[in-house]
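Me: I would like to go through the helix packing and a few individual residues here. Could we take it step by step?

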Amino acid sequence: NRFGLSIGYMKPSKQEFERIVLELIERGGGIDMTEEQILLEAHRFEMRGGGISGRTAQQFADHLLGKVK
């Protein structure tokens with residue numbers, strides 16, 4: 001508030017989380033899995049820890065791309 005600026009850390013919706021995951025996977029070079037398989041794994045990953053967030057989406061994408069490649 002000192003500078004009249006506030007930074008929000010909003011939790012993305014489920015649909016936003018899914019779009020983030022798919023975009024990160026695509027930017028990482030893609031993998032040989034259907035979108036449904038990727039999203040199923042992403043939701044399993046977020047339930048084990050972290051919850052739905054941009055950080056969790058990035059960690060999942062890194063995990064999945066590292067595991068497949």
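Me: Leaving aside its neighbours within four places in sequence, which residues is Phe60 in contact with?
Reply: This is a predicted model. In it, Phe60 is in contact with Val21, Ile38, Glu41, Ala42 and Phe45, with sequence neighbours within four places left aside.

Me: And Val21, where is that placed?
Reply: Val21 belongs to helix α1.

Me: Is Val21 buried or exposed?
Reply: Val21 has a relative accessible area of 0%, so it is buried.

Me: What is Val21 in contact with, leaving aside neighbours within four places in sequence?
Reply: Its contacts on that basis are Ile38, Ala42, Ala57 and Phe60.

Me: How far apart in space are Val21 and Ile31?
Reply: Their C-alpha atoms are 12 Å apart, and the two residues are separated by 10 residues in sequence.

Me: Now the largest nonpolar core. Which of its residues touch the most other members?
Reply: The core has 14 residues, and Phe17, Val21, Ile25, Ile31, Ile38, Phe60 and Leu64 touch the most other members. Two or more residues are given to this core by each of α1, α2 and α3. The largest share, 5 residues, comes from α3. As a general point, nonpolar side chains in soluble globular proteins tend to be buried together.

Me: Let us turn to the helix pairs. At what angle do α1 and α2 pack?
Reply: The angle between α1 and α2 is about 115°, and their axes are 10 Å apart. These two helices are therefore roughly perpendicular to each other. Their crossing is right-handed.

Me: Which residues make that contact of α1 and α2?
Reply: From α1 the contact uses Lys14, Phe17, Glu18, Val21, Leu22 and Ile25, and from α2 it uses Glu35, Ile38, Leu39, Ala42, His43 and Glu46. By class, the contact of α1 with α2 has 7 nonpolar, 1 polar and 4 charged residues.

Me: What about α1 and α3, at what angle do they cross?
Reply: Helix α1, residues 14-27, and α3 cross at roughly 35°, and their axes come within 9 Å. This crossing is right-handed. On the α1 side the contact is made by Phe17, Ile20, Val21, Leu24 and Ile25, and on the α3 side by Thr56, Ala57, Gln58, Phe60, Ala61, Leu64 and Leu65.

Me: How many nonpolar, polar and charged residues are in the contact of α1 with α3?
Reply: That contact divides into 10 nonpolar and 2 polar residues, with no charged ones.

Me: And the remaining topic on packing: how do α2 and α3 pack?
Reply: Helix α2, residues 35-48, and helix α3, residues 54-68, pack at about 120°, with axes 10 Å apart. The pair α2 and α3 is therefore oblique. Helix α2 passes α3 in a right-handed crossing.

Me: Which residues in α2 meet α3?
Reply: Ile38, Glu41, Ala42, Phe45 and Glu46 in α2 meet Thr56, Gln59, Phe60, His63 and Leu64 in α3. The contact of α2 with α3 comprises 5 nonpolar, 3 polar and 2 charged residues.

Me: Switching to Thr56: is it buried or exposed?
Reply: Thr56 lies in helix α3. Its relative accessible area is 2%, so Thr56 is buried.

Me: What does Thr56 touch, not counting residues up to four places away in sequence?
Reply: Thr56 touches Phe17, Phe45, Glu46, Gly49, Gly50 and Gly51 on that count. As for Thr56 and Glu46, their C-alpha atoms are 6.4 Å apart in space, and they lie 10 residues apart in sequence.

Me: Where does Gly51 lie?
Reply: Gly51 is in the loop between α2 and α3.

Me: Lastly, is Arg55 buried or exposed?
Reply: Arg55, which lies in helix α3, is exposed, with a relative accessible area of 65%. Arg55 and Glu35 are 20 residues apart in sequence and 20 Å apart in space, C-alpha to C-alpha.

Conventions: Residues are numbered from 1 along each chain as its sequence is written. This is a predicted model: local features need pLDDT of at least 70, side-chain atom pairs count only at pLDDT 80 or more; totals for chains, interfaces and linings use all residues. Side-chain values use heavy atoms; hydrogens and water are left out. Axes are lines fitted to C-alpha atoms, for helices over the stretch in contact, and angles run from 0 to 180 degrees between N-to-C directions. Helices (H or I, at least four residues) and strands (E, at least two) are DSSP runs, numbered from the N terminus. Angles under 35 degrees count as roughly parallel, over 145 as roughly antiparallel, 65 to 115 as roughly perpendicular and the rest as oblique. A crossing is left-handed if the near helix is turned anticlockwise from the far one by less than a right angle, and right-handed if clockwise. Contact means heavy atoms within 4.5 Å. Ala, Val, Leu, Ile, Met, Phe, Trp, Tyr, Cys and Pro count as nonpolar, Asp, Glu, Lys and Arg as charged, and the others, Gly among them, as polar. A nonpolar core is a set of buried Ala, Val, Leu, Ile, Met, Phe, Trp, Tyr and Cys residues joined through side-chain atoms within 4.5 Å. Buried means under 20% relative accessible area, exposed over 50%, partly exposed in between (1.4 Å probe, protein chains only).
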